[in-house]
Amino acid sequence: MALRVVLADDSLLMREGVRRLLDLQADITVVGSCGDLEGLLATVEAERPDAVVTDVRMPPTGTDEGIRAASLLRSSHPRVGVVVLSQYTSPEYALSLFERGSAGRAYLLKDRVGEPQHLADAVRAVAAGRSVVDPVVVEALVTARTSTRASVLASLSPREREVLSQIAQGKNNAAVGAAIFLSERAVEKHINALFAKLGLTTEPDINRRVKAVLIYLAEQQDAGP
């Protein structure tokens with residue numbers, strides 16, 4: 001069965017371009033398209049797709065409709081994956097996208113639309129519950145802290161990496177502890193240690209957790225299957 005995809009972008013030219021790129025894939029079928037947040041939510045309700053590809057900014061406000069759609073769908077249609085396309089390398093949108101967990105979510109720069117396989121792979125990933133984050137966005141997060149992502153993550157202990165992998169699934173401290181047989185207090189200590197090693201010590205806790213997850217996801221992508 002082909003993956004069913006809904007497209008959302010206020011630019012008709014962009015929507016048609018993405019449709020043509022995805023139509024080249026034998027296992028992906030575009031079943032609907034729209035130009036605003038209301039239309040996206042209605043189309044998802046009507047079509048029940050496997051995934052959505054949406055612009056980050058659309059009517060009615062032209063601010064963060066793609067991120068809001070991803071958050072709303074997390075509750076109303078949790079099995080629908082979401083690929084957010086953006087022209088912004090600033091990590092703030094990606095931080096918002098991953099606030100409620102990374103499963104089934106992807107954040108790509110619009111430059112990737114010119115790479116059909118990259119976009120198609122992102123659609124397949126979110127439909128399967130996996131995550132994708134554009135490496136350029138991750139570089140924006142870590143440039144000030146280190147020359148390479150690998151050198152940062154290499155400093156984590158095996159247990160810290162295990163805790164980080166659990167956080168990347170959207171789990172809170174109690175759920176992390178239950179999954180890997182640690183007390184909540186021990187989990188908190190490991191999280192504080194990995195935050196320090198990643199240079200995430202002076203920001204709100206939610207931002208630290210999401211930034212750590214973004215760095216982790218980027219390494220997973222680089223490592224491949």
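## Cores and helix packing in a predicted model

Valine 163 touches Val176, Ile180, Val187, His190, Ile191 and Leu194, leaving aside residues up to four places away in sequence; contact here means heavy atoms within 4.5 Å. This is a predicted model, in which local features need pLDDT of at least 70 and side-chain atom pairs count only at pLDDT 80 or more, while totals for chains, interfaces and linings use all residues. Residues are numbered from 1 along each chain as its sequence is written, and side-chain values use heavy atoms, with hydrogens and water left out.

**The helices around Val163**

Val163 lies in helix α8, where Arg159, Glu162, Val163, Gln166 and Ile167 meet Val176, Ala179 and Ile180 of α9. Towards α10, the residues Arg159, Glu160, Val163, Leu164 and Ile167 of α8 touch Val187, His190, Ile191, Ala193, Leu194 and Lys197. Helices are DSSP runs (H or I, at least four residues), numbered from the N terminus.

Axes are lines fitted to C-alpha atoms over the stretch in contact, and angles run from 0 to 180 degrees between N-to-C directions.

| Helix pair | Axis distance | Angle |
|---|---|---|
| α8 (residues 158-167) and α9 (residues 173-180) | within 10 Å | roughly 125 degrees |
| α8 and α10 (residues 184-197) | within 9 Å | roughly 95 degrees |
| α2 (residues 37-47) and α3 (residues 65-76) | 10 Å | about 30 degrees |

Angles under 35 degrees count as roughly parallel, over 145 as roughly antiparallel, 65 to 115 as roughly perpendicular and the rest as oblique. So α8 is oblique to α9, α8 and α10 are roughly perpendicular, and α2 and α3 are roughly parallel. Leu37, Leu40, Leu41 and Val44 of α2 make the contact with Glu65, Arg68, Ala69, Leu72 and Leu73 of α3.

**Two nonpolar cores**

The largest nonpolar core holds 48 residues, and Leu40, Val52, Tyr107, Val163 and Leu194 have the most contacts inside it. Such a core is a set of buried Ala, Val, Leu, Ile, Met, Phe, Trp, Tyr and Cys residues joined through side-chain atoms within 4.5 Å. Helix α11 (residues 205-223) gives the largest share of this core, 8 residues. A second, separate core has 23 residues, including Leu3, Leu21, Val83 and Ala120.

**An aromatic pair**

How are the rings of tyrosine 88 and tyrosine 93 arranged? Their pair is tilted, at 5.6 Å centre to centre and 40 degrees between the planes. Rings of Phe, Tyr and Trp (its six-membered ring) pair if their centres lie within 6.5 Å; planes under 30 degrees apart count as stacked, over 60 as edge-to-face and the rest as tilted. Tyrosine 88 is partly exposed at 26% relative accessibility, whereas tyrosine 93 is buried at 17%. Buried means under 20% relative accessible area, exposed over 50% and partly exposed in between (1.4 Å probe, protein chains only).

Terms used
Helices (H or I, at least four residues) and strands (E, at least two) are DSSP runs, numbered from the N terminus.
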